[in-house]
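Dear colleague,

Please find below the structure that I am handing over to you, together with its sequence. My notes on what was found in it follow directly after.

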Amino acid sequence: MTYQNQQQQDGPSRVDGRAKVTGTAKYIAEFSFPGMVHGYLVQSTIAKGKIRDIDVADAEKQPGVVKVLSHKNLSKLAIPAPAPDAVVRPFYALTSDEIRFNAQPIAVVVAETFEQARYAASLVKVTYDKADHSTDLAKVIDAAFTPGREQPNRGTPEEVFAAAEIKIDATYTIPIEHHNAMEPHATVANWENGKLTVYDKTQGIQGTTGYLAGAFGIDRANVRVLSPFVGGAFGAALRPGPNLIIAAMASREIGRPVKVVYSRRQLATAHGYRPESIQTVKVAADKEGKLTSLTHEATHNTSGYENFSESLVGMARGLYACPNVRTVSKIARIDMQTPLWMRAPGMVSGAFALESALDELSYKLKIDPLELRLRNYAETDPETGKPFSSKELRECYRQAAERFGWSKRNPEPRSMRDGKYLIGWGMASGMWPAGQAPASARVTLNADGTARVESGTTDIGPGTYTTMTIIASQTLGLPLEKITFVLGDSELPPSPAQGGSTTTSSVGTAVKEASELTLKELMAAAGAQNDSPFSGAAFEDLEFKDGTVQIKGKPETNRKYADILSAHPDRKVSVLHRSTPDSGERGKYVIASHGAQFLEVRIDEEIGNIRVTRVVQGTAAGKIINPKGAHSQEMGGVVWGIGMALTEKTEVDHALGRIMNPNLAGYHVPVNADIGKIDTIFVEEDDKIVNPLGAKGLGELGMVGIPAAIANAVFHATGKRVRDLPITPDKLV
Amino acid sequence: MRPFAFKRVTTPADAVKTVKENAAARFIAGGTNLIDLMKEGVDLPNELVDISRLSLSLVRSLSGGGVSIGALAKNADTANHPLVRKGFPMLTQAILAGASPQIRNMATNGGNLMQRTRCAYFYDVATPCNKRQPGSGCSAKDGLNRYSAIFGWSDNCVAIHPSDMCVALAALDAVVNVQTVDGRERKINFADFHRLPENAPEKDNTLAHGEMITSIDIPKNNFAPTSYYLKVRDRASYAFALVSVAAALELQNGTIKQARIALGGVAHKPWRCFDAEKALVGKKPSAELFQEAAKNAMSDAKPLSDNGYKVRLAERAIAKALRRSARI
Ligand SMILES: Cc1cc2nc3c(=O)[nH]c(=O)nc-3n(C[C@H](O)[C@H](O)[C@H](O)COP(=O)(O)OP(=O)(O)OC[C@H]3O[C@@H](n4cnc5c(N)ncnc54)[C@H](O)[C@@H]3O)c2cc1C
């Protein structure tokens, strides 16, 4: 089945939309506790070395200032030292004199008001013992290493490539990029009787709870984490930010609730970033366009203190049927903080290289880029030979190409024009693994005919509130407005962090299964009642609709949930359920979402001005549960792809080892004027393997192919291949 | 908050006197630049003198046929004023190419002339910058200088003036009317208003501390139908110019009687290309002629490590803006 834009407008709107636009949805910095004080961060001005001294005399004299806290006077945390070979070494701010990156938080000024704290923070004087730093990936690439173990080669890629006649060997680079969510990182922390409560901007309630319990050496039950609304995160809140530990430590020290909010300028080091990458793709094909050898080597930076590694080479392994494949994944140390997952991490960076290289190859072969992809279409997983649980990529290509009008493309670069503008048409593909993790949910049906559905997940913007409400509504047979979905609290049934496009799959399955079990409880309650028409009826023969139940085809048996529950001694039924993926069945398949992107650029070559005028995005991600939400996610993916391709770059001054555009004027995310027409097509898949919902993730998939498709379109328009993102005007003139 | 006094004045004389007497006092008009600078710790006035309610927001015709725009008229109101739209459409284009609608609604014309550079080092108090802290050094010269100057820079400073409006005003030979500290009126030709960094990059312009802009005069000209403002930037809106061009021609019987070319994004001040202008006079407009002029205009450009592209880009932008002006 195909959803089109217009049809998607018919789906339910965000259930939290009204709260968001009227301001009643509260974000972290808007929460407070009685007696609360404000903490403002002081950040380092060197990239590496040690703090010699922090002079707080002036700052502490200022009106309203309660205390200046740093490693010098904060009580020690309980964290055990990491094992010498530990990969993850979380950064605990204000716990040592060591400087590992520029703009590292090194002190917090606590005062009665935010303004007093900010002013006093400007008076804190810090002296350092500086050490030499290096922040330029190109300069340290020779020291790059493979953090884990490389996957073995498939076939004999090197030999085949060396002997091949038709081949491409090209290098692609992508700069550091930052998430730049609207909501800044923030925490409000309060200790009361040995119990810690925090409001924190986080994607993962459980991880945050565990992190705090570990750091303070207290029981998880004594930590409560709340995060009811998240103003965009995109991965930036997948690990605890320094604000979290700083607010909690400061509150413990001072004995009052403390709020710490990052300023926009400070935010660039509140969390990691998409790492800088340098990639080489070597690809060869026979005359018919069959890939014979594919090598994808990717190096990206990590920090000086952790081995952060994300895979850029997944698509090289899994997208095309190629008998000889080699992938290399390396990391190199620079003195910046640890990178972090950012929307479509690894995959979108790798796709830019791989899908650009395929495009380059298509010109060498004189084969249409779409045709080249179809000739190398992987019917089964090329790595393992396993079948896909479902894969409608071919249909995505077909429908999106048709909608776009791809068949009218003149293959010759520089051949298409609109007046004085050069027109370029480019395409690419994307994929994203469809994961599922254990998750839990509680469903309560009440005698007033309403339901409360709870899970300790988060909603960082994709519409989790809405999607879960839809799933509960469809399963429970209740109208949307009768259902309240609650998330963002560690006291709710635990669920995994919102990341990797797995929330619908994981939490949605828990909600669906818990809802079914609740209906069974409801029917048990009904069956126990005197005049029950349902005694002896099988659950499968029942029909649940509009808050009523009946035996299929027997309207005379119809009963309202409310009536059944009014007669129930508890006046409600409630089920807490933990769902787990069927790993046995899932393991027999490779499970992934796929997508195809076709787009047009219009270029004023004289001044290097590029505009993406229209995009058609075809997506196959199982069953689409929340059509409006899915459409909005795919649109967002396109916009993110445009940013990555054309405008976004974190500027680092390597002499200072410092990020120099940490604000929304200097870091260019696309604005409305940069965005043309975006058309989304969903090719539904009937997938019984992925999970009981049949839904795969799509939040990240939507951007995967876009940067490559844009670079490919720019080549088609101009004949100029840009392998270094972003493609700003200077690169075309 | 860093403590400061706030004084609302009712007469220009009072405004000038208050600021003159306190070296750490600043006028505040729309506040769209000054408040940012205060939040970043770049400018630390201890007294703000609010001039926003003075009656200096009139846009009116001058007796000779030009237009006078008040220092406190909003950028948006100025751009959309019929006298400006009709008589000086290039100024409208330039203003509307800058910032965002919200900012233009707040920003004043005087503030636009006085806005400070957007050089990243100037904005980050943790880095050396001669403009912010004289003697501390210039980080941009051998650092990130993709946005920096290609004309008129010195070893002390490679910053550019970020305004769009000012590029058009430079091309239009505007005159800045100033109230001096001793209560007199002073006129400054636009070309002499902003300065090059030389040995004193902390000084953006030739106003003395306490002097206040009251209005800007634009003399009558015949450029309206044959002028164009072209801005090249990293995204379609809400970005400062990589390079911008204000181009204006006066045509008489098919030949160029007068020409103006001013560039933005290339120097510490709006950059007039006087020689290239002169070379156009008396010639018939053609793509080749404009290409030649554009090339000449860039002949003494001195790019830095990361901004060589500006030379090519500006050359193309000049040629394009001239063609758009001449409608060829
Ligand atoms: C995000 C952002 C993007 C922007 N993009 C652009 C752009 O693309 N192009 C562009 O041209 N501009 C851009 N601007 C700048 C904007 O045009 C200026 O901030 C604005 O014009 C300043 O006017 P103001 O009245 O707010 O000045 P204020 O902030 O009030 O004052 C600025 C300075 O001028 C002084 N001053 C003000 N009035 C007078 C006077 N009458 N006499 C003497 N001194 C005076 C003040 O003392 C202060 O030092 C942008 C600004 C922002 C914040």
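How far is a nitrogen atom of the ligand from an N or O atom in the side chain of Asp164(B)? In this predicted model, the separation is 2.7 Å.

**The ligand and its surroundings**

An oxygen atom of the ligand lies 2.8 Å from a polar backbone atom of Gly30(B). In the case of Gln115(B), an N or O atom of the side chain is 3.4 Å from a nitrogen atom of the ligand. Taken on its own, the ligand has 980 Å² of accessible area, and the protein covers 95% of it.

Four elements of chain B give two or more residues each to the shell around the ligand: the strands β2 (25-28) and β8 (212-218), and the helices α2 (34-39) and α7 (109-114). The most is given by α7(B), which supplies four residues. In total, 33 residues surround the ligand. The closest of these are Phe27(B), Gly31(B), Thr32(B), Thr108(B) and Asp164(B); Asp164(B) is also the residue whose side chain has the 2.7 Å pair described above. By class, the shell consists of 16 nonpolar, twelve polar and five charged residues.

**The interface between the chains**

The second topic is the contact between chain B and chain A. Chain B contributes 35 residues to this contact, and chain A contributes 33 residues. The size of an interface is often expressed as the accessible area that is lost when the parts come together. Between chain B and chain A, the buried area is about 2900 Å², and carbon and sulfur atoms give 56% of it.

Seven salt bridges are found across the interface of chain B and chain A. One of them joins the side chains of Asp124(B) and Arg265(A), with an N to O distance of 3.8 Å. As for polar contacts, 15 residue pairs are counted between chain B and chain A, with both residues at pLDDT 80 or more.

On the side of chain B that touches chain A, at least two residues come from each of α8 (120-123), β9 (227-233) and α13 (309-326) of chain B. The helix α13(B) gives the most to this side, with eight residues. The residues on this side of chain B divide into 19 nonpolar, four polar and twelve charged.

With kind regards

Key. Residues are numbered from 1 along each chain as its sequence is written. Chains are lettered from A and ligands numbered from 1 in the order in which they are written. This is a predicted model: local features need pLDDT of at least 70, side-chain atom pairs count only at pLDDT 80 or more; totals for chains, interfaces and linings use all residues. Side-chain values use heavy atoms; hydrogens and water are left out. Contact means heavy atoms within 4.5 Å. Buried area is the accessible area (1.4 Å probe) that two parts lose on being put together, summed over both. A salt bridge is a side-chain nitrogen of Lys or Arg within 4 Å of a carboxyl oxygen of Asp or Glu. A polar contact is a pair of N or O atoms within 3.5 Å; within protein, one must be able to donate a hydrogen and the other to accept it, and residues adjacent in sequence count only if both atoms are side-chain atoms. Ala, Val, Leu, Ile, Met, Phe, Trp, Tyr, Cys and Pro count as nonpolar, Asp, Glu, Lys and Arg as charged, and the others, Gly among them, as polar. A residue is near a molecule or strand if one of its heavy atoms lies within 4 Å of it. Accessible areas come from the Shrake-Rupley method with a 1.4 Å probe; for residues, only the protein chains shown count as cover.
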